Amino acid sequence: MPGDVYQAPTVSEIESILVKEFPSLQVTRTEARRVYATADRDSIFELCTFIHDNLNFEHCSSLSGVDRESTFQVVYHLSNYENGVMIEITSDVPSDDPRIASVASIWGGANWHEREAYELFGIVFEGHPKLERLLTPSNYEFYPFRKSYKLRGQE
Amino acid sequence: MMPEPEIKLDSMNTDRMTVIMGPQHPFSHGLWTLKVEVDGEIVTDAEPIIGYLHRGWEKECENRTYPKIIPMADRLCYSASMTWSHIYCMTVEKALDVDIPDKAKYLRIVADEICRIQSHLMWLAAVGTDLGNLTVFLWAMREREFFLDLNVRLCGARMTTNYPRIGGVRNDTTEYFDRDCMRCVERFEKRLWDIIALVDDSSVFVSRMQGISRLTREQVANLGVTGPAMRGCGVDFDIRRDDPYDGYDEMDFEVPVLKEGDTYARYMVRIEEMFQSCEIIRQAMKKIQDMPRSAPYRLKVPSAVPEGTHFARLEDPRGESLMYLISDGTDKPYRLKVRSPIFVNVSAAKPMVQGCRIADVPAVMAMVDMCLGETDR
């Protein structure tokens with residue numbers, strides 16, 4: 001991956017570098033030590049590799065699945081250990097084809113988060129080393145955190 | 001100390017065997033299983049199995065109004081209830097864009113650090129029983145009781161405290177709380193040296209921790225291990241100092257970091273953190289005492305949260321906890337995601353125990369400080 005390597009990039013540096021390197025990425029808002037962005041799902045793996053290798057974001061804090069009813073979303077929270085800056089990346093995943101590239105090979109810490117998003121939302125992470133159910137029983141047939149899965153008293 | 005004999009896996013001619021440790025096992029401290037593959041005495045592979053306590057916490061929250069989630073957040077982990085309800089309130093405050101009164105910030109700091117000390121003492125007690133030293137268990141539990149009494153004085157409950165509120169805290173300090181808090185902290189700082197002497201003079205303890213389960217800085221950073229386990233491996237990062245929230249930027253304290261990366265370093269980091277927590281309590285109490293008694297400690301906030309996505313993170317006794325909130329303009333969250341530190345720390349069990357002897361597995365996993373309520377959610 002080309003580009004300069006930063007140890008502790010500032011918020012404004014991150015914003016300008018990401019917009020330059022990834023035209024499909026949009027920075028929605030920034031505040032002190034926080035960058036919020038949306039990205040295309042096809043570029044997620046390249047984007048995460050770039051953030052890990054060139055911007056020195058060693059830690060994947062969290063990875064959440066979200067059911068927006070018209071579409072699914074995967075939200076990444078990445079953090080830098082040098083200056084405490086965090087990047088939030090939201091990526092839309094169409095609900096009729098819920099697939100996205102796995103980042104477990106970049107951050108080992110994302111492994112179980114992806115398994116959790118898979119079993120609770122049915123989002124498939126392509127390239128994941130072991131995409132199996134983790135919290136629910138292995139013979140479970142539902143994706144219980146989808147909005148279409150109603151709780152008792154709700155239906 | 002004797003040097004560790006070098007062990008070559010391939011040179012031994014033994015059968016591989018799978019040992020299921022848990023869910024009912026003295027080392028597991030909750031319902032979870034560690035599937036360990038051993039070659040003779042040496043662990044070659046390990047896989048944690050969790051989910052026995054999964055109760056759909058995040059989905060349950062989508063069905064409740066915002067204030068009703070505070071007592072639920074307490075129950076994510078019984079020994080870190082204060083930090084869990086704190087992070088929840090902090091996330092909602094961010095979504096509401098309110099700045100809480102200064103007194104509430106300092107009260108939260110005092111409550112968080114009391115919670116940190118009692119949580120670390122609970123861990124120390126568990127380590128004591130795991131490694132066969134019951135005196136450590138009794139002494140740590142005895143000291144912990146004083147901090148639980150402080151909790152009672154502050155908010156009326158020992159463990160599930162239900163103290164932070166969206167926009168501040170539930171109540172101001174009760175009468176003589178500052179006096180009792182200072183006495184308790186001063187007494188504890190002396191007593192902690194007794195416990196350290198008990199552990200460090202015990203060859204049983206030290207030889208079962210030193211040089212075992214070494215992890216490098218790069219490994220822990222990549223595996224997402226956070227908290228004392230990470231700082232014992234040389235990652236110099238503490239959210240309280242490097243990404244401060246709720247008044248921690250005004251506190252002056254040190255972050256203990258050790259480069260050794262073995263089990264003993266993770267133990268030492270937690271012990272040192274207890275001293276630092278005492279120091280933080282002292283500073284925060286001083287700030288509260290300097291304020292007038294009538295200073296506000298709580299803001300009135302609207303019940304509906306404007307549409308948007310927000311997250312906040314905080315240094316839990318066990319690591320980094322993060323909550324991600326999606327609000328849709330109603331009085332109930334659309335989605336609330338919880339990032340539990342133990343959920344990620346325990347996923348690193350394989351690199352932690354690989355190459356250790358099977359008898360060392362309880363010592364290594366004790367340093368994760370398991371809490372299943374927040375892991376399974």
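**Close-ups of a predicted two-chain model**

Of chain A's 155 residues, 55% count as buried, where buried means under 20% relative accessible area, exposed means over 50%, and partly exposed lies in between (1.4 Å probe, protein chains only). This is a predicted model, where local features need pLDDT of at least 70 and side-chain atom pairs count only at pLDDT 80 or more, while totals for chains, interfaces and linings use all residues. Residues are numbered from 1 along each chain as its sequence is written, chains are lettered from A and ligands numbered from 1 in the order in which they are written, and side-chain values use heavy atoms, with hydrogens and water left out.

**View 1. Chain A, the whole chain.** Chain A has three helices and seven strands, which follow each other from the N terminus as α-β-β-α-β-β-β-β-α-β. Helices (H or I, at least four residues) and strands (E, at least two) are DSSP runs, numbered from the N terminus. The radius of gyration of chain A is 16 Å, close to the 15 Å that the globule rule gives for 155 residues, so chain A is as compact as a globular protein of that length; the radius is taken over C-alpha atoms, and the rule is 2.2 Å times the number of residues to the power 0.38. Along the principal axes, the C-alpha atoms of chain A fill a box of roughly 50 × 30 × 25 Å. Take the contacts in chain A between residues at least 6 apart in sequence: 52% of them join residues at least 24 apart, with contact meaning heavy atoms within 4.5 Å.

**View 2. Strand β2 of chain A and its partners.** β2(A), residues 34-39, is mostly covered, with five of its six residues buried. β1(A), residues 26-31, pairs with β2(A) in the antiparallel sense over five bridges; two strands pair if DSSP finds at least two bridges between them. Val27(A) has Ala37(A) in β2(A) as its bridge partner. Two residues lie between β1(A) and β2(A) in this hairpin, and Arg33(A) in the turn has a positive phi of about 60°. β2(A) also runs parallel to β5(A), residues 86-94, joined by six bridges. There, Arg34(A) has Met86(A) as its bridge partner.

**View 3. An open sheet in chain B.** Three strands of chain B form this antiparallel sheet, in the order β6-β7-β8. β6(B) (308-316) and β8(B) (333-339) stand at the edges, each with a single partner strand, so one side of each is left without a neighbour in the sheet. On average, neighbouring strands here are turned by 15° against each other, direction ignored; axes are lines fitted to C-alpha atoms, for helices over the stretch in contact, and angles run from 0 to 180 degrees between N-to-C directions. Nine bridges join β6(B) to β7(B), residues 319-327, and Glu320(B) in β7(B) is the bridge partner of Glu315(B).

**View 4. Where chain B meets chain A.** The contact takes 45 residues from chain B and 48 residues from chain A. About 3800 Å² is buried between the chains, with carbon and sulfur atoms giving 52%; buried area is the accessible area (1.4 Å probe) that two parts lose on being put together, summed over both. In chain B, Lys59(B), Phe311(B) and Tyr334(B) lose the most area to chain A, together 18% of what that side buries.

**View 5. Around Asp130 of chain B.** Asp130(B) sits in helix α4(B), residues 102-130, and counts as buried at 13% relative accessibility. Leaving aside residues up to four places away in sequence, Asp130(B) touches Pro26(B), Phe27(B), His29(B), Arg208(B), Pro362(B) and Ala366(B). Asp360(B) is 230 residues away along the chain, yet its C-alpha atom is 10.0 Å from that of Asp130(B).
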